[in-house]
Amino acid sequence: MSAAAKVTEKQISMDGESQMETNWRPDSWKKCIATQQADYPDPEALDRALESLASLPPLVTSWEILSLKSQIAEAQRGERFVLQGGDCAESFADCNSPIITNRLKVLLQMSLALVHGLQMPVVRIGRFAGQYAKPRSSAMETRDGTTLPSYRGDIVNSPEFTEAARRPDPDRLLQAHSRSALTMNFVRGLIDGGFADLHHPEYWDLAWVAHSPLAEEFRTLAEGLGRSIRFMETISGQRAGSVKRVDFYTSHEALHLHYEQALTRQVPRQEGWFNLSTHFPWIGMRTADLEDAHVEYFRGIRNPIGIKVGPSVSPGELTDLIDRLNPNREWGRMVLIHRMGAAGIGEHLPPLIEAVQKAETPVLWICDPMHGNTETVASGIKTRRFRNIMSEVEQAIEVHRSLGSRLGGVHLELTGENVTECTGGARDLSEKDLERAYKSTVDPRLNYEQALELAMFIVRKYPQAPDQ
Ligand code: PEP
Ligand code: CO
């Protein structure tokens, strides 16, 4: 542990929570060990970029953040289901109209299948408009005797294996902010303009899946819903206004602490600090130790927050983290995103659920069935088997149910593009298919059919309300 981390711990034990709160500043994370950060060769250029960033408008508002928090509180009470999904990493090049609309279409189709099948409102959270920073298992990468800094996401450097591309460039922080703003602006425009209007589910058709049996199944479901809505409208003589738009929230792994700090702001008539770069930041598995700089940063912001919980976390570590991040046991604040792998969830999840139940603190449990199921096939390609993804979700539903807890949502990596990155699913993609349309520079994503199939699978496996 660093001297700085020791100081923090000493202050906490001397003065308790109130001291912790007053000691927090948007930059107090700098006293702790910050892992997974880029090493910028020109610190002055970094300072200049951060200064510009801090003067730019934020990407979201505190009102939106608080409304998401109250929706998460409802989900914690069992009244909503959370669908969080998007790319493993966004790229600057993919900030374009077709990619953004296709991803939105998949998320809207999945959420409609879930709303209809689970008979409860869904909280829609994209992994987009800021998902530009990636944790890496090693700071450097060596190829054919040449060693360069690892690719850390477009917010830091570029994936090509050249010295220039891999050099961390502070101007990318500003580019990440503007690409996030462009994405946000377009998503808001689409949603407010009627793209999510249930009277027109045909807006969400993806051209390239016209002949998929799943697209057909979805169309039948959407048409049935459309007919019910028109029927209600005819009977009541009123247009059903609330089906015209939906709430859509953004999220990303708040990994790059300089960037997050520059967008952490106070707002008039609200207490405390908000991270206004996104509605829902989460802490990745590799940076979620109690004394980590990321935990120090997260404890002071008022957003609802996620923590990735992997198989190595002990029950005591998890409850300590929750105490640190939500000492007042606020509803809507904590989302635990477990990612154990299909082979490990049965062993690792139950003790964690029991410890949190004993602590009597409100949390929402959601399952990330992607990151514990990544494997590398003989050809060297990273993939995930659809059957393992389904199995982890199914086990998650069952483990929670058997302990009197509840799986409140899923966290997925998916895309609206026609990719072949995960094997299996309706078209039974094989290892050979991976070579055909593998576009991800980081983790393999579900394609449209696999994503929709998973939503329908969740509906089939989810415990139904007693009166259904
Ligand atoms: C991710 O969500 O892309 C990720 C890196 O996950 P984790 O921190 O759970 O490994
Ligand atoms: Co990933």
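**Figure 1. Polar contacts of ligand 1 in the predicted model.** A polar side-chain atom of Glu413 is placed 3.1 Å from an oxygen atom of ligand 1, a polar contact being a pair of N or O atoms within 3.5 Å. An oxygen atom of ligand 1 also lies 2.7 Å from a side-chain N or O atom of Arg339, and for Lys134 the corresponding separation is 2.8 Å. The protein buries 97% of the 290 Å² that ligand 1 exposes when taken alone (Shrake-Rupley method, 1.4 Å probe). The model is predicted, with local features requiring pLDDT of at least 70 and side-chain atom pairs pLDDT 80 or more, whereas totals for chains, interfaces and linings use all residues. Side-chain values use heavy atoms, without hydrogens or water; residues are numbered from 1 along each chain, and chains are lettered from A and ligands numbered from 1 in written order.

**Figure 2. Extent of the protein.** Along the principal axes, the C-alpha atoms fill a box of roughly 65 × 55 × 45 Å.

Technical notes: A polar contact is a pair of N or O atoms within 3.5 Å; within protein, one must be able to donate a hydrogen and the other to accept it, and residues adjacent in sequence count only if both atoms are side-chain atoms.
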